[in-house]
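Open the model in your viewer and keep the selection tool at hand. The tour goes stop by stop.

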Amino acid sequence: MVSPLHTNGRAELRDDKVITPFGDLAPRPDIRPEVLLRLSGKLQTTLELSQLLEIFLEEIQQAVLVDGLTLTHDPSGISLATGRNSLHTANYRMQTQQDYMGDLTFHRSTRFREHELANIEGLLSTLVYPLRNALRYHEAMAAAFRDPLTGAGNRVALDKTLGREVELAKRHDQSLSVLMLDLDHFKQVNDEFGHSMGDKVLKEAVIAMTGCIRQTDMCFRYGGEEFLIMLSSADQAGALRIAERIRMGIGQLMFTSEKGSLQVTASIGCATLNMTDTMEELVQRADEALYVAKDSGRNRVISDLDMEFTEREEDGEKALP
C-alpha cells in the first residue's frame, strides 16, 4: 500500500444532493501497460537500494517529469537521494501490512498536478516489493558487518572500511586519525559482577563512544573490550579532543547490581595518518600509544606524537656527558 502524505481534494455536492465518493473524483493513472511491465522487470534486477532508486527515477521520467527522489528509512538510518532536489515535493509513505519501507519524496521545480500524482501512485505500485526486498538485503548485509553484542562494526567491516579510507585520505591529501580504546580492568568486571554485567558495560560504552563522534566517524569492536574508532578528516588536535570527550563520557557511566555499584574508565591511544603509512602501520602506532596510556596509569589519552617526544627526550638525556 502506498499512502500519500498529502491531500487537497474535496467531495463534490451535486444538485441531486448525492455526494460522489472521493475515489470516483480522483484522477486515474494514465500509464501504458507496457511501461509498467518494463519498469517491474527492471526493478527486479538489483537488490542495491541506490541502484534501485536510480532505475526507478530513470524509468518513471518517461511518464512523469520528476527531477529527483529521496528515500528515508529511519529504523535503518538510511537516507538516499538520486537526481536533484527542487522546490516542490510530493511525499509518500511506503507501507505494507507487515513492513514499513520508508518515506519517498519526489522533487520537481514546478507544482505536481493531480493527474501527475495519480500516475506517480500507479508507478509506485511496482516499487513496493522490490524496495522491501532491497531493504531486507541491506539489513542482512549490515548485520554481517556488525558485532552482534554491541552493534559496533566487526573486524571484517574494520578491514574493509579502514583500508578504503586510508587510500582515499592519501589520494585527496586529507587527514585521518584512529583511536584504540581499551576498557580498564575489564576482567575484574566479569569476575566480580558477572558476564551479564560485562556485556551491559560493553553495550553502554559503545553508546557513549558513538555519542561523542561525528556521523562520518565509525566505531569497531577490535576484540574483547578493545575498540577502534576511525575519525575521518581529523588531524591530531581534533582526534585528541574527540578522544578526551570519549574518555570522559565513559568515565561518567554508572552501573548498579546486587553486588554493588560499578564505574568504568578507558585508556585511549591516538594515531594520525602519515602519507607513507599502511593501514597496519597506522593501527600499530595507535595500539602502541594505547599501551603507553595503560602503563602510565590508565584512564588517559596518549598520542603517537607524545611517544615520539618522549623518545627524543630519552635520546637527548643519553647524549649528555
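Start with Ser 303. Leaving aside neighbours within four places in sequence, Ser 303 is in contact (heavy atoms within 4.5 Å) with Gln 236, Leu 240, Cys 270 and Ala 289. This is a predicted model: local features need pLDDT of at least 70, side-chain atom pairs count only at pLDDT 80 or more, and totals for chains, interfaces and linings use all residues. Residues are numbered from 1 along each chain as its sequence is written, and side-chain values use heavy atoms, with hydrogens and water left out.

Ser 303 belongs to strand E12 (residues 301-303); helices (H or I, at least four residues) and strands (E, at least two) are DSSP runs, numbered from the N terminus. Ser 303 has a relative accessible area of 0%, so it is buried. Buried means under 20% relative accessible area, exposed over 50%, partly exposed in between (1.4 Å probe, protein chains only).

Now select Leu 179. It lies 124 residues from Ser 303 in sequence, and 8.9 Å from it in space, C-alpha to C-alpha.

Select Ile 246 next. Beyond its neighbours within four places in sequence, its contacts include Leu 181, Met 209 and Ile 268.

Move to helix H2 (33-43). Which residues of H2 are buried? They are Val 35, Leu 39 and Leu 43. These cover an arc of only 60° around the axis, so they sit on the same side of H2. The arc is that of the directions from the helix axis to the C-beta atoms. On the other side of H2, Pro 33 and Leu 37 are exposed. Cover for the buried residues includes H3, helix H4 (114-124) and helix H5 (128-144).

Stop at Glu 116, in helix H4. Is Glu 116 buried or exposed? Its relative accessibility is 14%, so Glu 116 counts as buried. Leaving aside neighbours within four places in sequence, Glu 116 is in contact with Val 64, Arg 108 and Arg 111.

Finish at Leu 47, in the loop between helix H2 and helix H3 (49-60). Leu 47 counts as partly exposed, at 40% relative accessibility.
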